[in-house]
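Please walk me through this structure.

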Amino acid sequence: NTARARRVSGLIAGGWAFLLLTWALANPPFLSPDEPSHYVRAVSVSAGQLAPEYHVTVPPGLWAIWRHERGITCNAGRSKVSAACVADAETANIPSRVWTAAGAYPPFYYVLPGLALRAADDPFTANRLGRLAATSLCFLLLVLSVALLMSSLAPRLALLGLLVAVTPMALFLMGSLNPSGLEIAAGIAFFSALLRVARDERPPPWVLGSAAAAGIVLALSRTTGAAWIVLDLALFVGLVGRSGALRLVRGSRYGAGTAVVTGVLLVAVLANRVWEHANG
């Protein structure tokens, strides 16, 4: 029934929220995969520099001077070196020129965490604020996935595949300052929308809108996002069959909506490819 479905949904969403917050706050700053580079890219994008930039001028208060000889990567790949070495630093009170390996990454992901981290006056707080901003968007996409797949007839069974898809590693990346987390969350939400369309003969219009929104985020999050859209659509056609896909496009109720969603996804994929061609 509906009440039972809501309880199951709330329990799952609450568990995810707890794990995401745990990773975002408990994991030492800058110690997620490639996080220093993504942090610097977020600083660059929040300053209005959307074009590729490998050497970024980080304003005072948002970078530090590390005492360890290896700097911010003091324990990277060294399991016997405590993560405490990352905090052995002094906040820089002058602009710092910093190199980032993520200088040519698409700017979309970095806007929200970049704006959030600007509220801090030290790089460690800034890193966590950036994580929380990015994590919030990922969590919303996961909640959207639950709403798309939930069924009052069999609530636990309907979400079984989603629970398998949202792995601990996926939650770890979503709780980090890293565009891979958003790519995973958007990919799950996009395919959840496609599964809902395949499952219901007449899904409500908001399902198509969800597919469009998640597809846009997926295409713009990372350069590989476009490939996932193509693969997901191929799987969808495999599920409903070619005739089923054609009925969805030509149907009197959803034909126009499907055409709009297809057009939006095409534009997002083309934007992805144009960026990759110019900067990849």
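The lining of the largest pocket is made up of 18 nonpolar residues and 2 polar ones, with no charged residues. This is a predicted model, so treat every value here as computed from predicted coordinates. The pocket holds about 440 Å³ of space. Its lining comprises 20 residues. Nearest the centre are Leu233, Thr258, Val261, Thr262 and Leu265.

Which helices build this lining? At least two residues each come from H8 (179–199), H9 (205–221), H10 (225–250) and H11 (255–279). H10 gives the most, with 8 residues.

Now turn to the aromatic rings. The model has 9 aromatic pairs. One of them joins Phe30 and Trp63: the ring centres lie 6.2 Å apart and the planes stand at 75°, so this pair is edge-to-face. The cut-off for that class is an angle over 60 degrees.

What does the pair tie together? Phe30 sits in the loop between helix H1 (2–26) and helix H2 (35–46), while Trp63 sits in the loop between strand E1 (55–58) and strand E2 (64–66), so the contact ties together parts that are 33 residues apart in sequence.

Are these two residues buried or exposed? Phe30 has 2% relative accessibility, so Phe30 counts as buried. Trp63 has 11%, so Trp63 counts as buried too. The limit for buried is under 20%.

Phe30 has a further partner. With Trp66, Phe30 forms another edge-to-face pair, at 6.3 Å centre to centre and 85° between the planes. This pair also links distant parts of the chain: Phe30 is in the loop between H1 and H2, Trp66 is in strand E2, and 36 residues separate them. Trp66 is buried, as is Phe30.

How far does the ring network go? Ring pairs link Phe30, Tyr39, Trp63, Trp66 and Phe124 into a cluster.

Asp122 caps the N-terminal end of H4. A side-chain oxygen of Asp122 lies 3.0 Å from the backbone nitrogen of Phe124.

Conventions: Residues numbered from 1 in each chain as written. Predicted model: local features only at pLDDT ≥ 70, side-chain atom pairs only at ≥ 80, totals over all residues. Heavy atoms only, no water. Polar contact = N/O pair within 3.5 Å; in protein donor to acceptor, adjacent residues only side chain to side chain. Helix = DSSP H or I, 4+ residues; strand = E, 2+ residues; numbered from the N terminus. 1 Å grid on protein atoms, 1.4 Å probe; cavity = no way out; pocket = protein on both sides within 12 Å on 5 of 7 lines; lining within 4 Å. Points joined across faces, edges and corners; volume = space filled by probe spheres on them. Nonpolar A, V, L, I, M, F, W, Y, C, P; charged D, E, K, R; others polar. Phe/Tyr/Trp six-rings, centres within 6.5 Å; stacked < 30°, edge-to-face > 60°. Buried < 20%, exposed > 50% of the residue type's maximum accessible area, 1.4 Å probe, protein only.
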